[in-house]
Amino acid sequence: MKNIKLSWYPYTLELKHTFNIAMNSRRSTPAVMVEVDYDGLVGYGEASLPPYLPEDQKSVNDFLGKINLSGYDDITNLNYILQDIDKILPGNTAAKASIDIALHDLAGKIKGLPVYKLYNVDKKKVYTSFTIGIDTSEVILQKLKEADNFKFLKVKLGSNSDREIISTIRTVTDKPIFADANQGWSDREGALDLIQWLNERNVVLIEQPFLKTNLVDTAWLTERSPIPIIADEAVQRLSDIQLLQDIYSGINIKLMKSTGILEAYKMIRRARELGLKVMLGCMTETSCAISAAAQLSSLADWVDMDGNILIKNDLFKGVNGADGTIFPNDLPGLGIIKT
Ligand code: MG
């Protein structure tokens, strides 16, 4: 295929100023936007690069520069092509995700099918959580007003004020909460006490309570916890799942970790075989990557995909509604429209 063209450009995702400022004083997230042009069709992809992860715009630029799509007879043969791309270099999961997403969008457009149909996945309306960062009570209460339409809240814990944050939220709403400790707890007895307290306050899962390397305490906690303990930092790709089988109740799959849609789908299948729950998450992303993950959202137990709602310069109209619903549409590919 000589008439195929891969291009990309750096982009900065500007966070809406009310979000997460107190937590990390970060106002933007670097990204790289990808386009694959073929036969008058364009497949869109994206790499989101939060600074706590190893990739940056330069590494994505270098990685994408090593890809040559012109040698393939069938650009919709994603299994084959993405396997080749994975072998170019280890790591680089967000760079790999960006091309995976673009090729899925293109393959869907070539075949005239939405991506979820390429995977024979059912279409179902699901509800994303809305993220509340670690913050002062005043700011938390203000954010809760913005979360009014959403059915689930995602709350960052792991500071000294975990009980205070939850108590503040419970003065105004009893919506179910996904709690993310972000590796912030260290004392297992204390963590279990806290989880029991959280369980009485409609917290429905805990993400990554301890350091990702602390398998012993995590297994101890999972065995005793009344609510599911979900791996986030501890899981990236398919090959990580087996080890976590008896350590966690479930895994949080994100396209930027998994290398994209294809491996995320395989991870969901594998997690189910192992009896693990599945959460589908995201980074700060445009509606491109969010709509990509949305193709698999009906397979997840919980969906935490509000990354595009947290930015003010989205480049796409995608599959989610302002009321927190995620529902793939029937446009070919990812169902996104460049704005
Ligand atoms: Mg997390």
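These entries go from the overall layout to the metal site, then to some strands, a helix and the cysteines.

**Entry 1: layout**

First reminder to myself: this is a predicted model. I looked up how they sit together: 40 residues from domain 1 and 40 residues from domain 2 take part in the contact.

**Entry 2: the magnesium ion**

Which residues are the protein donors of the magnesium ion? I found Asp180 (OD), Glu207 (OE) and Asp232 (OD), at 2.1 to 2.2 Å from the ion. Along the chain, the donors follow the spacing D-x26-E-x24-D. Asp180 sits in strand β7 (residues 177-180), while Asp232 is in the loop between β9 (229-231) and α10 (238-244), so this pair ties together parts that are 52 residues apart in sequence.

Buried means under 20% relative accessible area. Asp180 comes out at 2%, so I wrote it down as buried. Asp232 has 3% and therefore counts as buried. Glu207 is at 0%, so it goes down as buried too.

**Entry 3: around Glu207**

I stayed with Glu207 for a while. It belongs to strand β8 (residues 203-207). What does its side chain pair with in a polar contact? The side chain of Asn252 is the partner, at 3.2 Å. Leaving out residues up to four places away in sequence, I listed what Glu207 touches: Lys154, Ala179, Asp180, Ala181, Asn182, Ile230, Asp232, Asn252 and Met279. I noticed that this list includes Asp180 and Asp232, which are also magnesium donors.

**Entry 4: strands β1, β2 and β3**

Then I went to the start of the chain. Strand β1 (residues 4-14) and β2 run antiparallel, with eleven bridges joining them. As an example, I picked Trp8, whose bridge partner in β2 is Val34. On to strand β3 (residues 41-48): β2 and β3 are antiparallel and share eight bridges. Here I noted Val36, which stands opposite Gly43 in β3.

The hairpin of β2 and β3 has two residues between the strands, and Asp39 in this hairpin takes a positive phi near 55°. How many residues of β2 (residues 28-38) are buried? I got eight of eleven, so the strand is mostly covered. I also reminded myself that side chains in a regular strand alternate between the two faces of the sheet.

**Entry 5: helix α13 and the cysteines**

Helix α13 (residues 287-294) has eight of its eight residues buried. Among them are Ser287, Cys288, Ala289 and Ile290. Ser291, Ala292, Ala293 and Ala294 are buried as well.

Cys282 is in no disulfide, and the nearest cysteine sulfur, that of Cys288, is 13 Å away.

Note on methods. Residues numbered from 1 in each chain as written. Predicted model: local features only at pLDDT ≥ 70, side-chain atom pairs only at ≥ 80, totals over all residues. Heavy atoms only, no water. Helix = DSSP H or I, 4+ residues; strand = E, 2+ residues; numbered from the N terminus. Buried < 20%, exposed > 50% of the residue type's maximum accessible area, 1.4 Å probe, protein only. Polar contact = N/O pair within 3.5 Å; in protein donor to acceptor, adjacent residues only side chain to side chain. Contact = heavy atoms within 4.5 Å. Pairing = 2+ DSSP bridges. Donors = N, O, S within 2.8 Å, 3.2 Å for Na, K, Ca; no water. Disulfide = S-S within 2.5 Å.
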